[in-house]
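Please have a look at it first.

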Amino acid sequence: MTVIVLTPDPADPSYAGQWPQVLARLQVALEAEGTASRAEPWTAHVDDGAALAEAPLVLPLVAWGYHRDHARWTAACAEWARADVRMLNPPGVLAWNSDKSYLGRLADRGVPIPTTVWSDAPTQADVEAAFDRFGADVVVVKPRVSGGAWKTLRLSRGEALTDPPEGPALIQPYLPSIETDGETSLLFFDRRFSHAVNKTPVPGDFRIQVQFGGRYQAVTPPPDALALAEAVLAGIDEDLLYARIDLARGPDGGWLLMEAELIEPDLYLLQAPDKGEAFGRAVKGRL
């Protein structure tokens, strides 16, 4: 049986130098468990999910760049659900997880997130009001639909909002811990903890992604971080094959949820002590 791994739109060069390496690591982990795979661009199956429905399992793990064409992405998710594609994570999860408004719903369930102002289209007045509400000197403005820090801005009090995100966005106080302690990602397969990675930006930056020079290191997560990540997963009812829970420390030192990455997260198999064995076993178990 050959599983399909969804990959970026061939017309989008944004991650051309990065995603093939991530795909290769996933395929090595799958092959180690005897699972064959092939890659297909997600954009080839937007209007008709019949070909994907023939596969024993579809993994959307490298469908990077969907945020640049969100309308087509949500249409594709609806089509994959209609065609009964055996996809994990499920198309319904792929749809709602693509809009960061899910953070508000998890917060309503008791998950701690950074204080957030939701805006339909951020303006200078929105940013200035957020400074006053947060009592902060630095804020972050990010689109509700984004990925890899795309169109994410860090603004100091008095700084003009230029080239803001178009459409719905969120404004949060900047967490200095990102620079000092980084962000910690906890990886789960079939809701079982696998490994954790700490990501730190280069000095002076706040973006921890590798394309901006971010440095990644395997770590043992503190018990309270693991407990929060498990609480996040407990607040999500759908079937999940994989999850990456990104946490950072808030002003009081407590952990806050930054993202629950359930669509196409880098699983950091290069930093995993087992190099992806747990991932390969989880997929094999679903077959």
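Before I point to anything, one term: when I say strand, I mean a DSSP run marked E of at least two residues, and the strands are numbered from the N terminus. Please also keep in mind throughout that what you see is a predicted model.

With that term in hand, let me begin with Gln172, which lies in strand β7, the stretch covering residues 169-173. Is Gln172 buried or exposed? The relative accessible area of Gln172 is 5%, and since buried means under 20%, this residue counts as buried. If we set aside its neighbours within four places in sequence, Gln172 is in contact with Pro114, Thr115, Thr116, Phe134, Val139, Val140 and Lys142.

Which strands pair with β7? Strand β4, residues 117-119, runs antiparallel to β7 and is joined to it by three bridges, and within that pairing Ser119 has Ala169 as its bridge partner. Strand β5, residues 138-143, is also antiparallel to β7, here over five bridges, and Val139 stands opposite Pro173.

Let me turn now to another sheet, an open one of three strands in the order β2-β1-β3, where the pairing is parallel. Because β2 (36-41) and β3 (58-59) stand at the edges and have a single partner strand each, one side of each is left without a neighbour in the sheet. Strand β1, which spans residues 2-7, is joined to the parallel strand β2 by six bridges, and Val5 has Ala39 of β2 as its bridge partner.

Finally, the helices. Helix α1, residues 19-32, packs against helix α9, residues 277-286, at an angle of about 65°, with the axes 8 Å apart, and the crossing of α1 and α9 is right-handed. On the α1 side the contact is made by Leu26, Ala29 and Leu30, and on the α9 side by Phe279, Gly280 and Val283. Of the residues in this contact between α1 and α9, five are nonpolar, one is polar and none is charged.

Conventions
Residues are numbered from 1 along each chain as its sequence is written. This is a predicted model: local features need pLDDT of at least 70, side-chain atom pairs count only at pLDDT 80 or more; totals for chains, interfaces and linings use all residues. Side-chain values use heavy atoms; hydrogens and water are left out. Two strands pair if DSSP finds at least two bridges between them. Helices (H or I, at least four residues) and strands (E, at least two) are DSSP runs, numbered from the N terminus. Buried means under 20% relative accessible area, exposed over 50%, partly exposed in between (1.4 Å probe, protein chains only). Contact means heavy atoms within 4.5 Å. Axes are lines fitted to C-alpha atoms, for helices over the stretch in contact, and angles run from 0 to 180 degrees between N-to-C directions. A crossing is left-handed if the near helix is turned anticlockwise from the far one by less than a right angle, and right-handed if clockwise. Ala, Val, Leu, Ile, Met, Phe, Trp, Tyr, Cys and Pro count as nonpolar, Asp, Glu, Lys and Arg as charged, and the others, Gly among them, as polar.
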